[in-house]
Amino acid sequence: MAPHGEGSDAAEEAMVAQVEKHPISSILIVIAMQTEALPVVNKFQLTENPHSPFPKGVPWVHYHGTYKDLTLNLVWPGKDSALGSISHPIPKVSSISYMKMLNLLVSTWVKCIRHVKADMGVDSVGTISASLVTYAAIQALQPDLIINAGTSGGFKAKGAGIGDVFLASHVAFHDRRIPIPVFDLYGVGSRQAVSTPNLLKELNLKTGKLSTGDSLDMSPHDEASITANDATVKDMEGAAVAYVSDLLKVPAIFVKAVTDIVDGEKPTAEEFLQNLASVTAALDQAVTQVIDFISGKCLTDL
């Protein structure tokens, strides 16, 4: 009898091989912010699940539906329950043009952010919420593939521009600094995303490395780590989603649209809010194209 570890590894490799040869039928879309999520919800006519698969009391939101031959599940972490909540009704696409709907949604959200009060609620962004909702969604929904979609900062020194959409080739953390041998590597947590050469070629998307941290700004320490990670884009969720997907052996891809230039001249928060509407539209279009490409294909076809 093979040692337990060897047997487990062999069984796991066999399972992964089987998944890679099987057409993808179920996709889990993980998005951090309501403003980023609702255009995708509308585009695919997803409906909110009235019987949440998540533990009672958590703010996490689950939308679901079908598109072509795919079961689509979209989750976002909801509003921070400690700060109350605000919600935006979802306009019907039939009653309002898509771009008008998107601009209305984003402008309403921006006004709320600029005049936010503690009891109004905020999106549960960051690595903790992302990892928790990803874990719970994988357990409940058993997807074949995860798409982590969202906005990001980009570095002009690495060729990023406002509105560019990237498929991340690698993901890593830039704010988990543990200066002890081996622990330092654990802190960075570098992982390779699923290889998608055909998808990249077909959609003509850019590719680069993604670095994740829990702050919107960039401290000198973060900047040094991001440089070490050779990152082109930075966000607040990707590496956390990657950690959980790797832990539970579910392949993941990362679609990131650039709202602000981190090494540019404008303040990050100002540029983020200024470009959110147009970049969210670009993100939605890219996610749609990615899902259209995936339909009917196996993981190895990507």
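Helices (H or I, at least four residues) and strands (E, at least two) are DSSP runs, numbered from the N terminus. All views show a predicted model.

**View 1. Ile 138 in helix H4.** Helix H4 covers residues 127–141, and Ile 138 is found in it. Is Ile 138 buried or exposed? Buried means under 20% relative accessible area. Ile 138 has 4% relative accessibility, so it counts as buried. Now look for Lys 249. Along the chain, Ile 138 and Lys 249 are 111 residues apart. Lys 249 follows helix H8. The phi of Lys 249 is positive, near 60°.

**View 2. Helix H8, mostly covered.** This helix runs over residues 238–247. Of its 10 residues, seven are buried. Which residues of H8 are buried? Start with Gly 238, Ala 239, Ala 240, Val 241 and Ala 242, which are among them. Val 244 and Ser 245 complete the list of buried residues in H8.

**View 3. H4 packing with H8.** The two helix axes lie 8 Å apart. The angle between H4 and H8 is about 30°. Angles under 35 degrees count as roughly parallel. H4 and H8 are therefore roughly parallel to each other. Their crossing is right-handed.

**View 4. Helix H2, mostly covered.** Helix H2 holds residues 34–43. How many of its 10 residues are buried? Nine of them are. Beyond the helix, find Gln 45, which follows H2. The phi of Gln 45 is positive, near 50°.

**View 5. H2 crossing H9.** At what angle do the axes of H2 and H9 cross? The crossing angle is roughly 45°. That angle is why H2 counts as oblique to H9. The two axes come within 9 Å. As for handedness, the crossing of H2 and H9 is right-handed.

**View 6. The second largest pocket.** About 480 Å³ of space lies in this pocket. The pocket is lined by 29 residues. Which residues are closest to the centre of the pocket? They are Met 33, Val 125, Leu 216, Met 236 and Phe 272. Several elements give two or more residues to the lining. Helices H3 (98–114) and H9 (268–294) are among them. So are strands E5 (145–154), E9 (231–235) and E10 (252–261). Strand E5 gives the most, with six residues. Sorted by class, the lining has 14 nonpolar residues, eight polar ones and seven charged ones.

**View 7. Phe 254 in strand E10.** Strand E10 is one of the elements that give two or more residues to the lining of the second largest pocket. Phe 254 lies in this strand. Its relative accessibility is 2%, so Phe 254 counts as buried. Gly 150 is 104 residues away from Phe 254 along the chain. The C-alpha atoms of Phe 254 and Gly 150 are separated by 8.4 Å.

**View 8. Phe 155 in the loop between E5 and E6.** Strand E6 spans 165–173. Phe 155 has 9% relative accessibility and therefore counts as buried. How many residues separate Phe 155 and Asp 260 in sequence? They are 105 residues apart. In space, Phe 155 and Asp 260 are 8.6 Å apart, C-alpha to C-alpha.

**View 9. Lys 68 and its positive phi.** Where is Lys 68 found? Look at the loop between strand E3 (61–67) and strand E4 (70–76). The phi of Lys 68 is near 55°, a positive value in a residue other than glycine. Exposed means over 50% relative accessible area. Lys 68 reaches 58% relative accessibility, so it counts as exposed.

**View 10. Asn 204 in the loop between H6 and E8.** Helix H6 covers 197–203 and strand E8 covers 206–212. Asn 204 is not a glycine, yet its phi is positive, about 55°. Is Asn 204 buried or exposed? With 67% relative accessibility, Asn 204 counts as exposed.

Technical notes. Residues numbered from 1 in each chain as written. Predicted model: local features only at pLDDT ≥ 70, side-chain atom pairs only at ≥ 80, totals over all residues. Heavy atoms only, no water. Buried < 20%, exposed > 50% of the residue type's maximum accessible area, 1.4 Å probe, protein only. 1 Å grid on protein atoms, 1.4 Å probe; cavity = no way out; pocket = protein on both sides within 12 Å on 5 of 7 lines; lining within 4 Å. Points joined across faces, edges and corners; volume = space filled by probe spheres on them. Nonpolar A, V, L, I, M, F, W, Y, C, P; charged D, E, K, R; others polar. Axes fitted to C-alpha atoms, helices over the stretch in contact; angles between N-to-C directions. Parallel < 35°, antiparallel > 145°, perpendicular 65-115°, else oblique. Left-handed = near helix turned anticlockwise from the far one by under 90°.
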